[in-house]
Amino acid sequence: MQLLTVDALTVRFGGISALSDVGFTMDDREILSIIGPNGAGKTTLFNCISGVYQPTRGEILFQGESLLGLSPDRIAVKGIGRTFQNIRLFNNMTVLDNLMLGRHIRFRRNPLQAYLRIRTEELRHREKVEEVIGFLDLQAYRKMRVMDCPYGVQKRVELGRAIVMEPKLLLLDEPVAGLTAEEKNRVAYLVTEIRGRFGLSILLIEHDLRIVSRLADRMVVLNFGQKLTEGTPAEVQKNPEVIRAYVGEEA
Amino acid sequence: MVTFFQYLISGLSAGSLYALVALGIVLIYRSTRILNFAHGDKATVGTFVAFTLLSRDLPFYLALPISLVFGALLAMFFYFAIIVPAQRRDATILGQITITVGLSMVLQGALLFFWGTESQIMPFPLSDTRVWTVGPFYFNQLSIGTFLVGITGSILLYFLIQKTRLGLAMKATSENLAAAQTLGIPTRTVLATSWGLAALFGVLAGMFLAPALILDPFFMLEPFLKGFSGAILGGLNSLVGAVVGGLIIGIVENLSGGYISLEFKNTVPFLIIILVLLVRPEGLFGKEFKERI
């Protein structure tokens, strides 16, 4: 069974079609990248999958179940975590608290049970959080307020907060945007590591074609809300339509 | 000196109730940026429910929780029936604030319809004519009860917010709603709880204010405005600020009523608000909002 199936997805804002008839599927433990120029509808697609927007038409199936009509928090519980293009953290809280909040849905539902086992529970969550802190090299920032952390660190905190949720599918919206060349390489390395270590699938939006080609198993190219093509990075890069969309008309 | 402490005592007692009112206002403001102008009227409705129950000889220990829950449910209903649909239609914050002004009028109308304009006397187990003397000081039963209720309420709320998972979810929701949602926090339910909790505190304040004041459909107007002032004084988004602000308003009100003139009792707190806003717009405990450019 496919992990994620997007079928004939259409989103209209007034008269503008942000997405029209976009469809693709995703396998378990795959890294799939959505690429395309600005305004191609990449983030709109993410917002549909995570429940922020309701599509006008089409279907989104996650592990065979439809996600349409579910609120973002229900979708998160189903096992989809995400990061945002413009970082959305709890700025007045520490890095540690931000990550602990990522464990919210993993706490026991039964309040009595939670009360009786509160110690072991808390410890279990702390272990997971510490593991991710170590993995993302955030030890030095644990007790710092997010607001006071450098941009690159904030990006990693947001990534970490999504990982500790232990989702099956991770949506990353431009994880390397705004980072220095060195940081970019580091995050790119982390993304492939995440799949191996935490065993999840990653849907990734990225502008930097060089980095994406290194990371992704397959790519879906969007342009003006429509799917241009999909395939392996090598196939996509050779596609003349993709070159036209990115570079413009050939002289 | 003795009179000074006497004023201080009655100030703390009144202030602790203003603190409860202020907590309700801050709770809503900090999670939604809405100034809830219907806060006082929801409290009035809950207090009138308590009045009716107590007049029918229901024991106080039953009437109190029933009225608190009634107020909370009313506020949650208001949130789901009016605020949520307005937000779905992309209402601005100002629009939503205006809705609460409208609701305040609707509730006032309903109060007049169901309970009439006549002033009532609230049957209450505590009385302000039962007085204890400790040395040179007088303590009346009602103001001690009031003070204890105000402080206990504030402390309970503090623990709820600081020590429970619901409190953490409330903090996360108020700081970044979209992020909270993507972590699987049911933000609608969390916000509805905040509305309910705020109203609950309002009704609690109303029930303990009613015996000291005259119970009529508009009796919460003044306490609401003072709670509001306390909230602004403390810095609208700080819960600690709301408590401190409320207490200060209560004390200042009683001191100015005692030392200047009774006519000034209601004016001085508002003069303070104007001064605070001029000197320290973010309030005593508020954090200055600085946008990073």
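Predicted model: local features only at pLDDT ≥ 70, side-chain atom pairs only at ≥ 80, totals over all residues.
Good morning, colleagues. For the complex, the predictor gives an ipTM of 0.81 and a pTM of 0.84. For chain B, the mean pLDDT is 89, and 98% of the residues of that chain reach 70 or more.

Let me turn to the overall form of chain A. It is built from ten helices and ten strands. Along the principal axes, the C-alpha atoms of chain A occupy a box of roughly 65 × 40 × 35 Å. The radius of gyration of chain A is 19 Å, which agrees with the value near 18 Å that a compact globule of 251 residues would have. Of those 251 residues, 40% count as buried. Considering contacts in chain A with a separation of 6 or more, 66% involve residues 24 or more positions apart.

Chain A is also divided into two domains. Domain 1 covers 1-79 + 167-251, and domain 2 covers 91-166. The C-alpha centres of domain 1 and domain 2 of chain A are 26 Å apart. Their contact involves twelve residues from domain 1 of chain A and eleven residues from domain 2 of chain A. Which elements of domain 1 supply at least two residues each to this side? They are helix 2 and helix 7 (181-198) of chain A. Helix 7 of chain A gives the most, with five residues. By class, the side of domain 1 that touches domain 2 in chain A has nine nonpolar residues, one polar residue and two charged residues.

I would next draw your attention to strand 3 of chain A, residues 31-35. Is this strand mostly covered or mostly open? Strand 3 of chain A is mostly covered, with five of its five residues buried. I31(A), S33(A) and I35(A) point one way from the strand, while L32(A) and I34(A) point the other way, and all are buried.

Strand 3 of chain A has two pairings to describe. With strand 8 of chain A, residues 201-205, strand 3 pairs in the parallel sense over four bridges. There, I202(A) in strand 8 is the bridge partner of I31(A). With strand 9 of chain A, strand 3 also runs parallel, and four bridges join them. In this pairing, L32(A) has R218(A) of strand 9 as its bridge partner.

Strand 9 leads us on to a hairpin. Strand 9 of chain A, residues 218-223, and strand 10 of chain A, residues 226-231, pair in the antiparallel sense over five bridges. Within strand 10 of chain A, K227(A) stands opposite L222(A). Two residues lie between the strands of this hairpin, and F224(A) takes a positive phi near 45 degrees there.

A further element of chain A deserves mention, namely helix 1, residues 42-49. This helix is mostly covered, with seven of its eight residues buried. The buried residues of helix 1 of chain A are K42(A), T44(A), L45(A), F46(A), N47(A), C48(A) and I49(A). Just after helix 1 of chain A comes G51(A), which takes a positive phi of about 90 degrees.

I now move to chain B. How many helices and strands does chain B have? Chain B has eleven helices and two strands. From the N terminus on, its elements run α-α-α-α-β-β-α-α-α-α-α-α-α. The radius of gyration of chain B is 19 Å, close to the 19 Å given by the globule rule for 293 residues, so chain B is as compact as a globular protein of that length. The box filled by the C-alpha atoms of chain B is roughly 60 × 45 × 35 Å along the principal axes. Of the 293 residues in chain B, 48% are buried. For contacts in chain B between residues at least 6 apart in sequence, 74% join residues at least 24 apart.

Finally, I come to the contact of the two chains. It takes 17 residues from chain A and 15 residues from chain B. Which element of chain A provides the largest share of the side that touches chain B? That share comes from helix 2 of chain A, residues 72-78, with four residues. By class, the side of chain A that touches chain B consists of nine nonpolar, five polar and three charged residues.

Thank you for your attention.

Methods: Residues numbered from 1 in each chain as written. Chains lettered and ligands numbered in written order. Rg over C-alpha atoms; globule rule 2.2 N^0.38 Å. Buried ≥ 20, exposed ≤ 12 C-beta atoms within 10 Å, placed from the backbone. Contact = placed C-beta atoms within 7 Å. Nonpolar A, V, L, I, M, F, W, Y, C, P; charged D, E, K, R; others polar. Pairing = 2+ DSSP bridges. pLDDT = per-residue confidence, 0-100. Domains from an automatic or database assignment.
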